[in-house]
Amino acid sequence: MTVLPALPILLPLATAVVSLLLWSHRRGIRCIALAGAVVQLVAAVWLMHAVMESAVLVVWAGDWPAPFGICLVADYLSAVLVLITAVIHAAVVVYAHRDIDARQVAAGFHPILQLLTAAVYGAFLTGDLFNLYVWFEVMVMASFGLLVMGKGGGRSPHTGAVKYVTINLIATVFFITAIGLIYGLTGTLNMADLHAKAAAVENTALVTAAAMLLMTAFGIKAALFPLFFWLPAAYHTLPVCVSAFFAGLLSKVGVYALIRMFTLVFTNDTGVTHTALLVIAVVTMVCGVLGAAVQMDVRRILSFHIISQVGYMVLGLALFTPLALTGAIVYLVHHIIVKANLFLVGGVINRSGGGFHLDSVGGLYQTHGLVSLGFFIPAFALAGFPPLSGFWAKLLVIRAGIEHQAYIPAVAAAGVGLLTVFSMVKIWSEAFWKPSPSPSSGKTPVSAWLLAPVLVLGFLTVMMGLLMEPVIRFAAVAAEQLLDPHAYILAVLGGAPCGY
């Protein structure tokens with residue numbers, strides 16, 4: 001028995017505590033944050049290796065017998081998301097070395113970011129629905145602390161923060177109501193235990209109602225239609241490294257929760273639940289990409305594209321076939337890396353070009369070649385250009401739609417991909433190709449602390465595209481675990497519990 005699934009949660013919490021002990025030593029806090037990011041990345045790689053050896057790892061807190069107590073479960077899907085989270089966290093911590101000023105460090109940036117990272121790990125690893133709710137609430141509290149920290153390009157962050165918290169309070173109401181209903185119907189909140197007990201409930205209408213309540217709560221977290229307005233209102237007011245972390249991970253926690261619950265628990269009335277997800281996914285894709293097309297601020301364009309791209313992932317879940325779920329998982333991993341990187345590049349554009357608005361920047365291709373490369377790779381991966389990762393992710397989802405005879409969603413996905421190209425080309429032509437609107441402005445040097453994370457994430461994007469065959473094989477195994485959760489359930493419920 002191993003405590004390895006608990007390490008990704010314990011390590012950032014320990015880093016946060018050490019940062020608080022070094023409150024008056026700003027340089028020491030930054031060094032601790034960097035060291036913590038490295039250790040977390042090592043632990044995430046270790047966890048991934050262990051999961052690939054054992055398929056599913058489980059740890060129980062307090063020696064409680066299954067299905068009682070707090071349970072942490074690492075399978076292929078959760079392990080790869082923990083690993084990608086560790087990568088993005090490390091990139092953000094490095095970028096923050098130049099992006100976050102002394103005032104924000106003194107305000108508690110690093111301990112709050114560590115707390116948020118622990119909550120994201122916890123959401124990916126928990127095997128209990130109530131503890132998923134707890135981690136969601138920790139995420140909201142930590143996110144709010146970062147939202148009000150300021151320095152988002154001159155705009156006050158408080159309006160976006162209020163919208164963010166308000167909509168998350170609404171999601172909380174739906175979530176806790178669904179939890180109460182599910183517990184009343186089944187007598188358990190352990191996800192593995194719910195697989196059989198939810199299916200055995202005679203009143204299937206109430207189970208479907210609980211599923212729709214959870215769909216609403218998770219849909220708000222994932223920024224699905226029609227409750228996505230909080231995301232573009234909040235993300236463009238944040239410090240760049242914070243917006244990159246939010247953009248890469250927070251909405252994906254909602255997507256992960258949807259995938260977990262609607263493959264493991266709510267599979268007996270797919271005609272209602274998954275059809276609803278299908279419609280929502282298509283409308284989300286279309287609304288997000290149209291919203292992006294009319295924007296001229298780099299961060300707002302990228303924010304609307306978060307909404308659009310989440311639609312592809314939910315479309316893969318809604319189709320509910322092995323190929324579709326494989327595509328959804330590939331898309332999930334690809335998008336976390338690419339979207340976080342694009343927000344980081346947006347910050348570099350602001351520093352080197354003098355603004356986030358496309359009317360105020362230009363000529364970066366001539367003056368900042370590495371910045372141009374750093375944007376080109378994730379932008380055209382997002383747009384779906386081969387051989388980058390986004391092409392294969394989109395292809396898998398569209399092909400799954402055609403094989404499932406869901407022709408309208410498949411056509412919509414292809415059309416949204418073309419409009420994504422339009423947005424990325426707009427940023428490229430305005431910020432990089434056109435002459436600078438300030439001819440007297442010279443070349444502004446870009447710190448290696450800012451450029452290194454961009455180039456490393458770009459390298460990962462290229463390698464993921466070139467090595468797509470093993471990536472797809474891995475995602476196919478993860479999809480198989482989701483569609484046939486016997487190993488997951490056996491690991492959680494079949495053996496004696498282990499303690500710390």
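Is Thr172 buried or exposed in this predicted model? Thr172 is buried, because its relative accessible area is 12% and the cut-off for buried is under 20%. This residue is found in helix α7. Its side chain makes a polar contact with the side chain of Glu137, at 2.8 Å. Apart from residues up to four places away in sequence, Thr172 touches Tyr133 and Glu137.

Another residue of α7, which covers residues 158–186, is Lys163. Lys163 is partly exposed, with a relative accessible area of 36%. Not counting residues up to four places away in sequence, Lys163 touches Trp230 and Ala233. Between Lys163 and Ala293 there are 130 residues of separation in sequence, and their C-alpha atoms are 23 Å apart in space.

**Confidence**

The mean pLDDT of the protein is 90, and 95% of its residues reach 70 or more. Confidence is highest in helix α5 (residues 109–125), at a mean of 96, and lowest in helix α10 (residues 230–235), at 79. Over residues 496–500 the pLDDT is below 50, although this stretch has 21 contacts in the model beyond near neighbours in sequence. Where pLDDT is low, the predicted coordinates should not be read in detail.

**The nonpolar core**

The largest nonpolar core has 191 residues, and the members that touch the most others are Leu129, Phe175, Tyr235 and Phe246. Helix α11 (residues 240–264) gives the most to this core, with 18 residues. For Phe246, leaving aside neighbours within four places in sequence, the contacts are Leu116, Ser143, Leu146, Leu147, Tyr235, Leu238 and Ser251.

Tyr235 is also one of the contacts of Ser303, along with Leu231, Pro232 and Phe343, again leaving aside neighbours within four places in sequence. Ser303 has its place in helix α13 (residues 298–319) and counts as buried, at 0% relative accessibility.

Helix α6 runs over residues 129–147, and its 19 residues should span 27 Å at 1.5 Å a residue; the end C-alpha atoms are 27 Å apart, which agrees. Of these 19 residues, 15 are buried, so α6 is largely enclosed by the rest of the structure. The N-terminal end of α6 is capped by Asp128, which has a side-chain oxygen 2.9 Å from the backbone nitrogen of Phe130.

Helix α9 (residues 204–222) also has 19 residues; from its first C-alpha to its last it reaches 26 Å, close to the expected 27 Å. Among the buried residues of α9 are Val207, Leu214, Met215, Phe218, Ile220 and Lys221. Ala223 follows α9 and has a positive phi, near 65°.

**Helix α2**

Ala37 has its place in helix α2 (residues 26–54). It counts as buried, at 3% relative accessibility. Its contacts, leaving aside neighbours within four places in sequence, are His89, Ala90 and Val93. Ala37 and Phe304 are 267 residues apart along the chain, and 29 Å separates their C-alpha atoms.

**Backbone exceptions**

Most residues other than glycine have a negative phi, and most peptide bonds are trans. The table lists some sites of the other kind.

| Site | Backbone value | Location |
|---|---|---|
| Ala55 | positive phi, about 75° | loop between α2 and β1 (57–60) |
| Phe320 | positive phi, about 60° | loop between α13 and α14 (322–353) |
| Phe225 to Pro226 | cis, omega near 5° | Pro226 in the loop between α9 and α10 |
| Pro386 to Pro387 | cis, omega near 0° | Pro387 in the loop between α16 (369–383) and α17 (389–403) |

Ala55 is partly exposed, with a relative accessible area of 28%. Phe320 is partly exposed as well, at 23%.

**Cysteines**

How many disulfides does the model have? The count comes to zero. A disulfide is a covalent bond between the sulfur atoms of two cysteines, and the cut-off used here is a sulfur pair within 2.5 Å. For Cys241, the closest cysteine sulfur is in Cys31, and at 16 Å it is too far for a bond. Cys241 is buried, with a relative accessible area of 0%. Cys71 also counts as buried, at 1% relative accessibility.

How values were computed. Residues numbered from 1 in each chain as written. Predicted model: local features only at pLDDT ≥ 70, side-chain atom pairs only at ≥ 80, totals over all residues. Heavy atoms only, no water. Buried < 20%, exposed > 50% of the residue type's maximum accessible area, 1.4 Å probe, protein only. Core = buried A, V, L, I, M, F, W, Y, C linked by side-chain atoms within 4.5 Å. Helix = DSSP H or I, 4+ residues; strand = E, 2+ residues; numbered from the N terminus. Contact = heavy atoms within 4.5 Å. Expected span 1.5 Å × (residues − 1). Polar contact = N/O pair within 3.5 Å; in protein donor to acceptor, adjacent residues only side chain to side chain. pLDDT = per-residue confidence, 0-100.
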